[in-house]
Amino acid sequence: MKIGGLQKLTALDFPEKLACTVFTFGCNLRCPFCHNASLVIKDEDQEISEDEFFAFLKKRKGILDGVCITGGEPLLQNGIEEFMGKIKELGFLVKLDTNGAFPQRLKGIIDSGLVDYVAMDIKNCPEKYPMTCGIDNAKEDFFVPFKESISLLAQNKVDYEFRTTIVKELHSLDDIEKAGQAIKGAERWFLQCFNDSGDLIKPGFSAPSKELLEKMRACALKYVKTCEIRGV
């Protein structure tokens with residue numbers, strides 16, 4: 001496991017739980033609006049050890065409910081299953097943030113009972129996925145693994161959410177309509193207002209208006225049970 005950072009306390013990242021958040025290095029995508037660019041490009045000078053993390057976690061037993069594992073893309077990590085298992089053995093819940101590019105690995109983690117909550121990014125409507133993910137010359141079947149992960153979570157074997165970071169320059173109301181069709185029937189979908197963290201892969205993006213976000217939410221509710229806006 002390549003751990004790039006640790007947020008020792010969060011009441012926001014794990015719904016209705018008090019948790020810490022572990023950040024992993026590396027990602028298979030290059031979303032230009034990504035707010036964790038230093039993690040994506042593997043700035044491993046900031047790495048902390050698993051021993052250091054678990055020493056911290058043991059001191060938080062009875063205080064924290066769970067651990068959020070985010071990135072980067074955590075499912076790129078060697079030993080992610082063992083890492084999750086150690087967390088569960090200590091009595092903590094596990095939340096996984098993923099882009100959905102590795103459905104078979106995600107399935108194995110769910111089937112093994114290693115995760116309690118999954119948050120999967122829905123980058124955009126299917127036809128705009130390569131552009132939104134920063135992948136040039138993508139193959140025609142680029143969206144297939146993401147679709148498989150959507151279908152996997154729709155089986156409701158684990159609690160989950162879908163979430164889309166809305167960027168003014170990348171997302172239109174029509175895009176949300178098409179993305180909604182791709183996840184039709186989902187339990188919950190969060191529309192996250194883009195925020196320039198200062199650590200972007202590519203500058204030049206901005207937040208949508210609150211009015212547009214509300215229109216997108218109304219559109220999304222045609223396809224999912226609940227939809228909320230975050231970050232406004």
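Leaving aside neighbours within four places in sequence, V118 touches L96, T98, L106, L153, V158, D159, Y160 and E161, where a contact means heavy atoms within 4.5 Å. This valine sits in strand β5, and helices (H or I, at least four residues) and strands (E, at least two) are DSSP runs numbered from the N terminus. With a relative accessibility of 0%, V118 counts as buried; buried stands for under 20% relative accessible area, exposed for over 50%, and partly exposed for what lies in between (1.4 Å probe, protein chains only). For a sense of distance, V118 and N195 are 77 residues apart in sequence, and their C-alpha atoms are 22 Å apart in space.

Before going further, a word on the model. It is a predicted one, in which local features need pLDDT of at least 70 and side-chain atom pairs count only at pLDDT 80 or more, while totals for chains, interfaces and linings use all residues. Residues are numbered from 1 along each chain as its sequence is written, and side-chain values use heavy atoms, with hydrogens and water left out.

As a reminder, an α-helix has 3.6 residues a turn, so residues three or four places apart point the same way.

Take S149 as an example from helix α6. Its relative accessibility is 0%, so S149 counts as buried. Beyond its neighbours within four places in sequence, S149 is in contact with G100, F102, P103, L106 and M120.

Now for some backbone details. Most residues other than glycine have a negative phi, and most peptide bonds are trans. N156, in the loop between α6 and β6, has a positive phi of about 60° although it is not a glycine. At 43% relative accessibility, N156 counts as partly exposed. E16 is not a glycine either, and has a positive phi of about 65°. You will find E16 in the loop between β1 (3-10) and β2 (19-24), where its 82% relative accessibility makes it count as exposed. A cis peptide bond, with omega about 5°, joins G71 and G72; G72 belongs to the loop between β3 (66-70) and α3 (80-89).

Finally, step back to the chain as a whole. Its secondary structure comes to eight helices and eight strands. The C-alpha atoms fill a box of roughly 50 × 35 × 35 Å along the principal axes. The radius of gyration of 17 Å agrees with the value near 17 Å for a compact globule of 232 residues; the radius is taken over C-alpha atoms, and the globule rule is 2.2 Å times the number of residues to the power 0.38. Of the 232 residues, 49% count as buried. Among the contacts with a separation of 6 or more, 71% come from residues 24 or more positions apart.
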